[in-house]
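Me: I would like to learn how to read the features of a model like this one. Could we go through them one at a time, with the general idea placed before the particular case?

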Amino acid sequence: MLGPFSPAIWIPRLGFAFIPSLWKVRHWFHMLEFCDQCMARRMEKTLSDHNIASWFIEDHVKHGSDPTRARWLSGDTATLVVAGSDTTAPSLTLVFYFLARYPMHAEKIYEEIQGVDRENPAALAMLPHLTGTINEAMRLLPAVLTFSSRITPPEGLMIDGTFIPGNTKICAPRYTIGRLETAYVNPHEFIPERWYSQPELIKDKRAFAPFGVGRTSCVGRHLALAQIRLVTAALMFHYRIKFAPGENNGEAVERDMKDQLTAQPGACRLVFQSRV
């Protein structure tokens with residue numbers, strides 16, 4: 001809904017206020033209830049180590065007498081859950097889409113994880129082909145295809161020798177940047193080795209920024225990568241994957257993909273065959 005309604009965000013706000021039980025609006029409120037329940041369970045626990053929720057809880061307790069802080073905590077919780085799931089979900093889908101298309105890389109990962117503690121994120125982070133496969137999937141089909149835009153200042157802006165007039169909306173689409181011939185050799189080909197054994201295939205490292213750059217980059221980057229590695233390694237160890245009959249090499253995944261702030265891949269129907 002953020003896509004089509006972003007120019008007039010007041011429209012969904014009216015819908016949320018007056019038809020909370022209709023259409024997809026009720027799903028939104030169910031999601032918020034789930035988020036609040038997650039935070040409530042976390043607040044009941046006493047943990048010695050800080051995690052991402054701890055800082056929000058501490059701020060909430062500090063301003064406990066302010067009734068508006070409860071709404072802030074609820075909103076922050078929803079932001080954490082959405083940011084941590086609406087990006088990781090398509091990333092995992094696309095990793096397995098590419099592994100089904102290029103099974104030789106799935107077998108390389110299977111060989112690589114032999115004898116490795118697959119429940120240890122630090123150990124998995126040291127596996128070059130696993131990480132290279134994830135990076136290559138994120139390069140070709142990032143979870144955030146376009147990302148947000150910015151408005152140039154009234155006086156305009158000069159970018160790499162090109163003048164952009166003032167009050168112009170601009171963006172740096174990650175999908176396009178990830179396929180630049182000025183940044184990658186054979187940019188449209190799936191080559192995980194470019195990230196470890198063939199670095200000459202990367203012309204400009206700045207082009208790879210699936211989690212953003214600078215102070216606005218994703219705070220959950222390391223958590224997301226750990227999750228993706230853990231799931232990929234676990235499934236690759238137990239299963240071989242291929243496209244379901246009639247899926248035509250998974251063409252629907254890219255053909256029907258939608259750019260909705262985060263990517264929504266088309267149908268990805270896979271068959272998981274036990275290695276045993």
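Me: What share of the contacts in the chain with a separation of 6 or more comes from residues 24 or more positions apart?

Reply: This is a predicted model, and in it residues 24 or more positions apart account for 61% of those contacts. The secondary structure comes to twelve helices and eight strands, and the C-alpha atoms fill a box of roughly 55 × 55 × 40 Å along the principal axes.

Me: Which residues of the largest nonpolar core touch the most other members?

Reply: In soluble globular proteins, nonpolar side chains tend to be buried together. Here the largest nonpolar core has 38 residues, and those touching the most other members are Y97, F98, L99, I134, M138 and M236. The elements that contribute two or more residues to this core are α6 (88-101), α7 (103-112), α9 (128-140), α11 (221-238) and β5 (239-243), with the largest share, eight residues, coming from α6.

Me: How many salt bridges does a search of the whole structure find, and which others should I look at?

Reply: The search finds ten, and one of them joins the side chains of R179 and E254 at 4.0 Å, N to O. R179 lies in the loop between α10 and α11 and E254 in helix α12 (residues 251-255), so this pair ties together parts that are 75 residues apart in sequence. R179 is buried, with a relative accessible area of 15%, and E254 is partly exposed, with 30%. Salt bridges that share partners also join R101, R179 and E254 into one network. Another salt bridge is formed by E247 and R269, whose closest N and O atoms are 3.8 Å apart.

Me: What should I check for a buried charge without a salt bridge, as with R174?

Reply: R174, in helix α10 (residues 174-177), is buried and has no salt bridge, the nearest side chain of opposite charge being D259, 10 Å away. A polar atom of the R174 side chain does, however, lie 2.8 Å from the backbone oxygen of P210. Leaving aside neighbours within four places in sequence, the residues in contact with R174 include P142, F147, P210 and F211.

Me: Where are D160 and N167, which have a positive phi although neither is a glycine, and are they buried or exposed?

Reply: D160, with phi of about 50 degrees, lies in the loop between β2 (157-159) and β3 (162-164), and counts as exposed at 79% relative accessibility. N167, with phi near 55 degrees, is found in the loop between β3 and β4 (169-170), and is exposed, with a relative accessible area of 56%.

Note on methods. Residues numbered from 1 in each chain as written. Predicted model: local features only at pLDDT ≥ 70, side-chain atom pairs only at ≥ 80, totals over all residues. Heavy atoms only, no water. Core = buried A, V, L, I, M, F, W, Y, C linked by side-chain atoms within 4.5 Å. Buried < 20%, exposed > 50% of the residue type's maximum accessible area, 1.4 Å probe, protein only. Helix = DSSP H or I, 4+ residues; strand = E, 2+ residues; numbered from the N terminus. Lys, Arg positive; Asp, Glu negative; His and termini not counted. Polar contact = N/O pair within 3.5 Å; in protein donor to acceptor, adjacent residues only side chain to side chain. Contact = heavy atoms within 4.5 Å.
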